[in-house]
Amino acid sequence: MTRKVCPGNFKSRIRKAFGQVLSLQAVLTVILLIVHSGGGAVKVVPLEIKDKQSARAFSSTELLGQPASEPRPEYPRPEFQRAEWLNLNGLWDFALDLSDSGEERNFPQGAGFDRKILVPFAPESPLSDLGFQDFMTAVWYKKSLSLPENWKGRRILLNFEAADYHTTVWINGKKVGEHAGGYTPFTFDITDYCDQKENLLVIRCRDELRGNLQPSGKQSKRYHSYSCLYRRTTGIWQTVWLEPVAESRVDSYRAYPDVDNSQVLFQVFIKNPPESGQINLSVKEGDKVIFRQTKKACPVTSFEVKIKNPKLWEIRKPYLYDLTLELYSGASAKLLDRVESYFGLRKIEARGNKIYFNNRPLFMKLVLDQGFYPDGIYTAPSDDALRKDIEISLAAGFDGARLHQRVFERRFLYWADRLGYIVWGEFADWGLDLSRPESFLIFQREWMEALTRDFNHPCLIGWCPFNEQWGNIYPGILESIFQLTKSFDPTRLVIGASGGYHLISPDVYDSHNYEQDVVRFKEAYDGLLQTPPKVFVNGDLRRHVPYKGQPYFVSEYGGIWWNPGQQDEKAWGYGERPRSEEEFLQRYKALTEALLFNPKVAGFCYTQLYDIEQEVNGLYTFDRRPKFNPEFFFRVNQQKAAIEK
């Protein structure tokens, strides 16, 4: 029997789980949206970059405290924002298709839907109101689309922020297209398929998790979660939305910050540039326009933005400049497209055995964040929950995170940009059999989508496509992906395989080490002080390229087990359990200081920020309650490192 969902209970469920309340800023944003929406198409009101969170018209009852009817209402692409859009999150018709026979049973025409689901939450998650835990070969979604009248004459784009894994779309029974990949956005132009007032949108997502030919990260291939593998995510798990655009429009841009020359170089990519058209780029510092330039619109148009007395994007003290791109037609000078964004001016590089951030030595004080939520699994229950994860990490003295074994939501990176929180971008390479040659094509397709999506975020300082790859790897896969990453983005640091075999010399040499004995742990890295250095590696030393004196990063350590109320053997952590809070804190301090005070170590990443299901080695519980006073960790972590002196 199918449980019926009551979308009106959505926010109350989230508030109960997370203790969230609407902020004053959110209320002010709502008021501004109502004033400017005019009852027509949904619009984003241009606010200061630092306050851009919402982009939806609310009803007056919601202002009085009634919960909103749609989950995750905030604008999903804050680093590339247009004024009009329509959020499709909410209650959809849904069907399980365990035998993958829905196409034969006329599902694309709208038959066979017997359940409801709350999008964008995966059917495995409680917040979807399904909570179906078994494997699902295919799942189907259905929704009626009614396009706003004032969108006529423009192209209509159907945007998916992410759906796992192979997605196919039909409109009015006609196949629109398909996309393979579970972690990155994709778009379909549905203009020519919407030929009536009410249009039928049908979506199928296939998920062959156990086939070993799709990246799946930490999703369990067993029925239950176990070890460091957790509940699965199938189908749509991020926002689905529509936007109207012109035939000629800004397609994307790339920003190359140049701190040494006080400038930023921009490449603006224009789709179908109009003949004699013009592209305008303007930059604001607060309310003041500090740069404006207009050029002929070409498929790739470059700008060199000089900034007097630049304000740098610093860790914990970020500064973001507002950016606007406007595309005009030729003769009539009609505005065809307007995009709002932001950028930060910062520099990251490796010099010798040190990492330099804005030309100062940096010791990376990071924590492992895997991006799981008790009720949403992969999907944060709210935008506030994304921000809260960064805030609790900062409160514990971490300056950033490894975003581990998946691609996080864009809005997480948006909050990291705003809060001055550095991150390493990774991928969900686990689950993909790298011994097979076709895995290179599968991996590089979605990895390139991730690199393209996140290129402009100042918070992102490095890329790491693979994690703990020690097995049989088809020759050339790791090396080729490393070289591809460096070629696409020469502005950031790259590690080929974190804690795995270094088959090509990385910008930053790293290792994972869960040794709990402080003396042995310290000795492992004291070898860096020898001449020549004796380097600690994971796996067979003979399979690694030689260490060349580059920065050395202990990218996983700790993982100290703490769950004193545990009555069974299901939960786990690393090493022997501390017998008291005092022992836990002493061990944490000693392990961390062994790295902080080693003049040849350039950073650490503690495992991990919060518990996840059976893994209980977080500094916070799974529902983000602190296990200890975060001030203790702040004092330990924020000590000046030897390599920074």
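Predicted model: local features only at pLDDT ≥ 70, side-chain atom pairs only at ≥ 80, totals over all residues.

A: Residues are numbered from 1 along each chain as its sequence is written, and side-chain values use heavy atoms, with hydrogens and water left out.

Glu74 is buried, and so is Arg72, where buried means under 20% relative accessible area, exposed over 50%, and partly exposed in between (1.4 Å probe, protein chains only). Glu74 and Arg72 form a salt bridge whose closest N and O atoms are 2.5 Å apart; the term stands for a side-chain nitrogen of Lys or Arg within 4 Å of a carboxyl oxygen of Asp or Glu. The structure holds 43 salt bridges, including one between the side chains of Glu613 and Arg231, at 2.9 Å from N to O. Because Glu613 lies in the loop between E32 and H10, and Arg231 in the loop between strand E10 (199-206) and strand E11 (235-236), this pair ties together parts that are 382 residues apart in sequence. Helices (H or I, at least four residues) and strands (E, at least two) are DSSP runs, numbered from the N terminus. Glu613 is partly exposed, with a relative accessible area of 23%, whereas Arg231 is buried at 17%.

The loop between E32 and H10 also contains Gln608, which is joined to Thr607 by a cis peptide bond with omega of about 0 degrees.

Within H10 itself (residues 630-637), Pro630, Phe632, Phe633, Val636 and Asn637 are buried. Viewed down the axis of H10, these buried residues fall within an arc of 155 degrees, so they line one face of the helix; the arc is that of the directions from the helix axis to the C-beta atoms. The cover over the buried residues of H10 includes strand E23 (364-369), helix H4 (383-395), helix H9 (581-596) and strand E32 (603-607), with contact meaning heavy atoms within 4.5 Å.
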